[in-house]
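Work through the following exercises with the sequence and the model side by side, and try each task before reading its solution.

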Amino acid sequence: MKRYPQLSAVSSGDLLREGVRNRTPLGLEAEAFIKAGNLVPDEMILKLILDKLKANRWVSNHSSVTDPSPAQPSKNPSASFILDGFPRTATQASRLDSLIPVNLVVSLITPVNIILSRIASRWVHAPSGRVYNTDFNAPKVPGKDDLTGEPLTKRADDDEETWKQRLKKFDETSQPLLDHYDQKNVLWTVNGNSSNEITPKLFRELDSRFA
């Protein structure tokens, strides 16, 4: 994100965790799904995403998850953002099409054993959302946030069995999702085992499309 300061990030996972942490009605409803390793229902995720976009004035306040009309590009110059972790299914993608026009979808292909290893090594500073990994982005002081010195924690759903279940469910639903965006000519796929492999390829693709 530092390379592209004009882009904002909207993470469905972060929005869910924020809702759980703040004990919002939607957060409490989603908590049971997250802890069980299940995917949160489409309607719930869509409402979270739409509320965030409305709060940032990137979509009209009249936008609705039940509106079937095609999405229109925003006239707001700050409305350039990355959706992280959403959509996960073709049904979600179709619903999202009515909210915002998507112009690039990146599919990252990494072996499951690499993903599980990175999750096992991941620690977070919950108040700020800063993420550390003891294998390649370790905190300066083990177990402490670099800026505040506050303790780092593990996410409630960062355990191997939960993620195995989550990845299995994603594999079962991902191909129709990829087909959806491939048919719209916005899908780009990149393979790699680490950020060092993937990031240069991603930068080249973004620069060729949007620079």
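**Exercise 1. Find the exposed residues on the face of helix H7 turned away from its buried side, and then characterise the buried side itself.**

Solution. The face turned away from the buried side of H7 carries the exposed residues Asn196, Arg204 and Ser208, where exposed means over 50% relative accessible area, buried under 20% and partly exposed in between, with a 1.4 Å probe and protein chains only. The model is a predicted one, in which local features need pLDDT of at least 70 and side-chain atom pairs count only at pLDDT 80 or more, while totals for chains, interfaces and linings use all residues. Residues are numbered from 1 along each chain as its sequence is written, and side-chain values use heavy atoms, with hydrogens and water left out.

The buried residues of H7 are Ile198, Glu205 and Leu206. They cover an arc of only 100 degrees around the axis, so they lie on the same side of H7; the arc is taken from the directions that run from the helix axis to the C-beta atoms. Among the elements that cover these buried residues are strand E3 (105–109) and strand E6 (187–191); helices (H or I, at least four residues) and strands (E, at least two) are DSSP runs numbered from the N terminus.

**Exercise 2. Determine which residues Ser107 is in contact with, leaving aside its neighbours within four places in sequence.**

Solution. Begin with the location: Ser107 is found in strand E3, and at 11% relative accessibility it counts as buried. With contact taken as heavy atoms within 4.5 Å, the partners of Ser107 are Leu178, Leu187, Trp188, Thr189 and Val190.

**Exercise 3. Classify the pairing of the rings of Trp58 and Phe81.**

Solution. Rings of Phe, Tyr and Trp (its six-membered ring) pair if their centres lie within 6.5 Å, and planes under 30 degrees apart count as stacked, over 60 as edge-to-face and the rest as tilted. By this rule the count comes to one aromatic pair. The ring centres of Trp58 and Phe81 are 4.8 Å apart and their planes stand at 5 degrees, so the pair is stacked. It links distant parts of the chain, since Trp58 belongs to the loop between helix H3 (42–55) and strand E2 (81–84) and Phe81 to strand E2, 23 residues apart. Trp58 is buried, with a relative accessible area of 8%.

**Exercise 4. Describe the peptide bond from Phe86 to Pro87.**

Solution. The bond is cis, with omega near 0 degrees, and Pro87 is found in the loop between E2 and H4.
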